[in-house]
Amino acid sequence: MNLNKERMSARTVSHLKKGEKGIIKSFTDRAMSLKLLEMGCLPGCEVRLDAIAPFGDPICINVGGHYSLSLRLNEAAVIELE
Amino acid sequence: MKQGNIKVALVGNPNAGKSTLFNALTGMRQKTGNFPGVTVEKKSGTFRIAATNGHDDAHVTLVDLPGTYSIYPKSKDETVVMDILANPKHPDFPDVVVIVADASNLQRNLLLFTEINDLGIPGVLALNMLDVAESMNLTVNAVQLAMQLNVPVVRINARTGDGIKGLKEAVKQVAERTEQPALQYFYEPKENEIGLINEVKEIHHLENDYVALQYVCQHDNFSFLEQPVRAKLDALIEKYGFDENNFLANETVARYEKIKPIVSRAVKSQGATEQPYWTRKLDGILLHRVWGYITFALVLLVVFQAIFAWASYPMDMIDAGTAAAIEWMKGVLPEGVLNDLITDGIMAGVGGIIIFIPQIAILFALVAILEESGYMARVMVIMDKLMRRFGLNGRSVVPLISGVACAVPAIMTTRSISSRYERLLTILVTPLMSCSARLPIYAILIAVVVPETKVLGIFNVQGLVLFGLYLLGLLGALGSAWLLSLFIPRKEPSYFMLEMPSYKLPRWGHVGFTMYESVKSFVLEAGKVIMAISIILWVLASYGPGDSMNVAEQQVVSSMNTAPQEEIDAAVASARLESSYAGQFGRLIEPVIKPLGYDWKIGIALLASFAAREVFVGTMATIYSISGDTEDVLTVKQRLIQEKNPETGGKMFTPAVCYSLLIFYVFAMMCMSTIAVVYRETHGWKWPMIQLAYLSVLAYVSAFVVYQVLS
């Protein structure tokens with residue numbers, strides 16, 4: 001698993017537009033990455049932005065077609081996309 | 001081999017249907033308590049498995065462990081899982097673990113399964129939510145899964161009860177096995193981990209590699225390890241240069257590598273997998289920037305309507321019933337101290353407890369329906385950003401809303417907040433939401449001081465003031481949360497990450513059971529304290545030092561001998577109260593409350609209303625010796641308006657005094673039941689006392705400022 005600290009400008013889940021899909025590449029925060037892995041967000045897994053809360057945060061993503069996960073933008077920004 | 005009594009632990013991901021399965025297995029034979037040594041709520045129950053070929057009936061004790069995505073805890077409550085599963089000496093250590101898995105999301109659910117498996121405790125996999133999986137075009141082959149995982153796999157439907165019998169059989173078979181099959185680890189330790197594992201195994205006499213790894217990673221959470229033992233483990237970690245964070249991530253990834261091929265063999269998908277149609281459609285509306293809030297407002301409206309309007313019918317009936325029962329008992333028992341204690345002390349106290357039952361029952365039923373349906377998770381999403389600004393979490397919304405009915409059940413609903421810090425903050429500020437017991441006080445003081453006129457032709461000024469008081473309570477709650485968050489150190493990082501369950505119809509049996517449980521725990525736990533305080537208050541108001549109360553009564557009777565009997569009785573009651581301990585106390589605290597504009601009479605009402613706020617109006621009625629029906633707001637109001645201030649000769653209840661009292665009641669924690677429930681939920685006196693102190697200071701200072709500015 002890759003921990004990229006320096007490439008902060010990479011595209012992350014927080015950049016997704018509504019309905020847009022992406023493939024998880026890696027995580028930029030260790031503590032958060034473990035939690036995300038346990039919630040089923042694995043590298044190689046496809047995610048889709050399904051909904052955005054009224055003030056733009058949190059967001060809801062579909063994880064691998066299996067279930068819907070709501071997370072804050074700062075949590076989403078940890079997930080880098082391919 | 002294990003026969004007769006079997007201990008079973010239930011584990012699973014949140015939303016996998018664990019509590020539904022628990023209810024399906026145990027029915028009503030369940031109880032709540034605490035896990036020994038730690039302050040986490042424990043739900044346990046029993047069931048029987050009928051005898052099969054030669055064996056006796058099996059009696060099963062089932063313990064429901066906190067829902068978790070992995071054995072590595074993310075909140076304090078989740079530490080219980082491994083504290084039990086890593087300690088065979090723990091009284092709740094299971095003979096068999098039942099792992100509940102959501103079949104529609106098998107890959108993620110199997111992560112926890114493989115972890116539990118590696119601990120070497122015999123397990124049964126209960127495959128739940130197959131109907132959801134089917135609606136997502138997924139078919140799960142349980143036999144295939146059982147062969148690959150090397151454990152019994154049972155297809156169940158926890159909601160309908162299908163497969164429960166098979167699950168019980170499987171548990172019994174596993175428990176009665178004469179020999180456990182050889183353990184197949186899903187995670188094989190890396191070479192650099194083996195040395196450490198072997199050393200830990202040797203020191204602690206462990207047989208299982210993975211349990212040894214848990215000693216390494218989680219020993220700080222293990223209540224069964226002494227401090228020196230933990231320090232030794234730390235030294236070992238140092239010696240081997242073990243990087244815990246790296247290990248955890250690598251382990252999880254390695255597990256998924258094992259799980260992926262298993263799932264792809266056992267689960268076949270026909271067409272695209274997608275969440276159920278209705279869930280996607282409803283989310284489009286309920287999370288919408290306009291419709292989302294409109295729906296939420298409508299839901300709130302129904303909740304308020306239920307708590308204030310619907311609950312008032314049973315509450316009035318209970319009130320009348322209690323009064324009638326007290327009246328009847330007074331007549332039946334011989335007159336005297338015992339009679340007074342039983343009727344005015346104990347029965348009035350019991351009445352004060354059961355009057356809350358309708359509101360608690362209705363509120364908990366509504367909250368259960370919203371939670372069961374999956375809507376509550378959406379409310380948390382649309383409110384999270386706002387709540388976060390004040391140090392709270394989207395999950396804090398439920399208790400804050402419930403607080404408008406009564407802080408007691410509201411504080412009980414904070415259990416769903418996984419972060420201990422955010423839960424504590426929520427508990428500390430919830431009593432600031434104006435509860436229904438404050439309404440009678442607001443009503444009478446507003447009636448005294450606010451003119452019944454309209455502004456802009458439509459808005460009733462009294463209504464606006466009332467609305468303002470509720471708003472002030474909400475702002476007070478959010479503001480206090482923000483202030484407290486500056487002082488209380490946050491030990492856990494704030495997470496939101498919340499699984500959005502698909503929408504489901506509520507199970508009415510479960511709603512009813514939640515209602516029953518919440519009422520029961522309120523009556524038993526909080527009830528004890530309310531009752532004790534009621535009795536103490538009765539003693540204080542019924543007795544005075546020496547003969548002072550009788551002397552006061554004689555004086556009144558002799559000075560009013562020509563007045564009608566009704567007036568004499570009222571004046572006597574007032575005089576007796578004045579010379580009672582409570583009255584003396586009112587005199588004693590007068591210097592303290594004087595700066596707020598209150599006299600000793602208001603002081604008694606303040607003291608009395610400490611048990612419960614609604615006592616305020618009744619006590620004021622007694623003190624100002626109103627003859628006739630004390631419940632009639634108009635009479636109390638008129639009497640308050642006429643009351644003269646003995647020092648100034650003018651009105652006692654000036655706008656300054658009334659607003660000062662109103663503000664005082666918005667902020668003050670005048671409620672024994674709330675203190676009792678905070679004690680229960682935080683497991684100690686520290687937080688309820690801190691809460692009482694800060695709310696009292698807030699109430700006093702605000703009331704002081706209001707009085708000084710207005711007078």
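A residue is called buried when its relative accessible area is under 20%, exposed when it is over 50%, and partly exposed in between, with a 1.4 Å probe and protein chains only. The structure is a predicted model, in which local features need pLDDT of at least 70, side-chain atom pairs count only at pLDDT 80 or more, and totals for chains, interfaces and linings use all residues. Residues are numbered from 1 along each chain as its sequence is written, chains are lettered from A and ligands numbered from 1 in the order in which they are written, and side-chain values use heavy atoms, with hydrogens and water left out.

**First stop: chain A**

Followed along the sequence, chain A reads β-α-β-β-β-α-β. Of its 82 residues, 59% are buried. The accessible surface of chain A is about 3,200 Å², and carbon and sulfur atoms hold 52% of it; such areas come from the Shrake-Rupley method with a 1.4 Å probe, and for residues only the protein chains shown count as cover.

**Second stop: chain B**

Now select chain B. Here there are 31 helices and twelve strands. The C-alpha atoms of chain B occupy a box of roughly 95 × 60 × 50 Å along the principal axes. Among the 711 residues of chain B, 53% are buried. The accessible surface of chain B amounts to about 31,200 Å², with 61% on carbon and sulfur atoms.

Contact means heavy atoms within 4.5 Å. Of the contacts in chain B with a separation of 6 or more, 72% join residues 24 or more positions apart. The corresponding share in chain A is 53%.

Colour the charged side chains of chain B next. Chain B carries 59 positive and 65 negative side chains, and the centres of the two sets are 5 Å apart. Lys and Arg count as positive and Asp and Glu as negative, while His and the chain ends are not counted. The place of each charge is taken as NZ of Lys, CZ of Arg, CG of Asp or CD of Glu.

**Third stop: where the chains meet**

Show both chains together. Select A:E38, A:P54 and A:R72, which supply 21% of the area that chain A buries against chain B, more than any other three residues.

Next, centre on A:L34 in helix 1 (residues 30-38) of chain A. Which residues of chain B does A:L34 touch? Its contacts, not counting residues up to four places away in sequence, are B:K74, B:L248, B:A249 and B:T252. A:L34 counts as buried because its relative accessibility is 10%.

Side chains of opposite charge can pair when their charged atoms come close. A salt bridge is a side-chain nitrogen of Lys or Arg within 4 Å of a carboxyl oxygen of Asp or Glu. There are 24 salt bridges over all chains, and three cross the interface of chain A and chain B.

Select B:D384 and A:R72, whose closest N and O atoms are 2.8 Å apart in a salt bridge. Then select B:R388 and A:D57, which form another at 3.0 Å, N to O. This pair runs from B:R388 in helix 16 (residues 375-388) of chain B to A:D57 in the loop between strand 2 (46-52) and strand 3 (59-63) of chain A. B:R388 is partly exposed at 25% relative accessible area, whereas A:D57 is buried at 8%.

Within chain B, select B:D57 and B:R48, a salt bridge with 2.7 Å between the closest N and O atoms. B:D57 is partly exposed, at 26% relative accessibility, and B:R48 is exposed, because its relative accessible area is 52%.

**Last stop: helix 25 of chain B**

Finish at B:E590, in helix 25 (residues 581-593) of chain B. Is B:E590 buried or exposed? With a relative accessible area of 16%, B:E590 is buried. Leaving aside neighbours within four places in sequence, B:E590 is in contact with B:Y598, B:D599 and B:W600.

Conventions
Helices (H or I, at least four residues) and strands (E, at least two) are DSSP runs, numbered from the N terminus. Buried area is the accessible area (1.4 Å probe) that two parts lose on being put together, summed over both.
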